[in-house]
Amino acid sequence: MKILVFSDSHGNVQNMEQAVRSDRPDYILHLGDVNSDARALGKLFPAIPMECVCGNCDGRRPDLDEEKVLELEGRRILMMHGHTRGVKVGMSRAVWAAREAQAHILLFGHTHEAFCEYQHGLWILNPGTIRGGWGGATYGVISLEGTNTVCYLLKADPVPGR
């Protein structure tokens, strides 16, 4: 199973669309900021399951969780935007939440800085910002094959005119 992980799209649906067309995922996860972008992407690819969480720029949303635990292919994935766990000053509170949830993978955004590392049995992935910034537009990929789990980062090809 191939899962694309987006965060902090902030109005750039085109970069997400291009990544989905290029990578052909089985599942899409959006970590917030801006949820209406995720809904627009979902309309373009209605056959691909998608899960979302609420970011700090999404306002209070009773229809969206701030954190969500998914189970895919036997792996527990903790999704969050990260603002409620203070990830801009460090990820220790988010890591603690993932370990408490017995997650195999922790996903967060908010910092706009891509990060991917395996630490003591836990994959930690921040896909950066798919909108693009100083480091370009980035997103994450989770590959679940049998009992193997691999997470990595990719740079999005910029959409002309953006």
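This is a predicted model: local features need pLDDT of at least 70, side-chain atom pairs count only at pLDDT 80 or more; totals for chains, interfaces and linings use all residues.
Helix α1 gives way to arginine 24, a residue whose phi is positive, near 50°.

- At the start of the helix, the backbone nitrogen of glutamine 14 has a side-chain oxygen of asparagine 12 within 3.3 Å.
- Following α1 is arginine 24, with its positive phi.

- Within α1, which spans residues 13–23, the buried residues are Val13, Asn15, Met16, Ala19, Val20 and Asp23.
- These residues lie on the same side of α1, because the arc they cover around the axis is only 165°.
- An α-helix has 3.6 residues a turn, so residues three or four places apart point the same way.
- Arg21 and Ser22 are exposed, and they sit on the face of α1 that is turned away from its buried side.
- The buried residues of α1 pack against the helix α2 (35–44) and against the strands β1 (2–6), β2 (27–30), β9 (138–145) and β10 (148–155).

**The nonpolar cores**
- The largest nonpolar core comprises 17 residues, and within it Ile3, Leu107 and Ile142 have the most contacts.
- At least two residues of this core come from each of β1, β2, β4 (67–72), β5 (75–80), β6 (105–107), β8 (122–126) and β9.
- When neighbours within four places in sequence are left aside, leucine 107 is in contact with Val5, Leu29, Leu31, Ile77, Leu78, Met79, Met80, Leu125 and Ile142.
- A second, separate core has 15 residues, including Leu4, Met16, Ala19 and Ile28; Met16 and Ala19 are also among the buried residues of α1.

Methods. Residues are numbered from 1 along each chain as its sequence is written. Side-chain values use heavy atoms; hydrogens and water are left out. Buried means under 20% relative accessible area, exposed over 50%, partly exposed in between (1.4 Å probe, protein chains only). Helices (H or I, at least four residues) and strands (E, at least two) are DSSP runs, numbered from the N terminus. The arc is that of the directions from the helix axis to the C-beta atoms. Contact means heavy atoms within 4.5 Å. A polar contact is a pair of N or O atoms within 3.5 Å; within protein, one must be able to donate a hydrogen and the other to accept it, and residues adjacent in sequence count only if both atoms are side-chain atoms. A nonpolar core is a set of buried Ala, Val, Leu, Ile, Met, Phe, Trp, Tyr and Cys residues joined through side-chain atoms within 4.5 Å.
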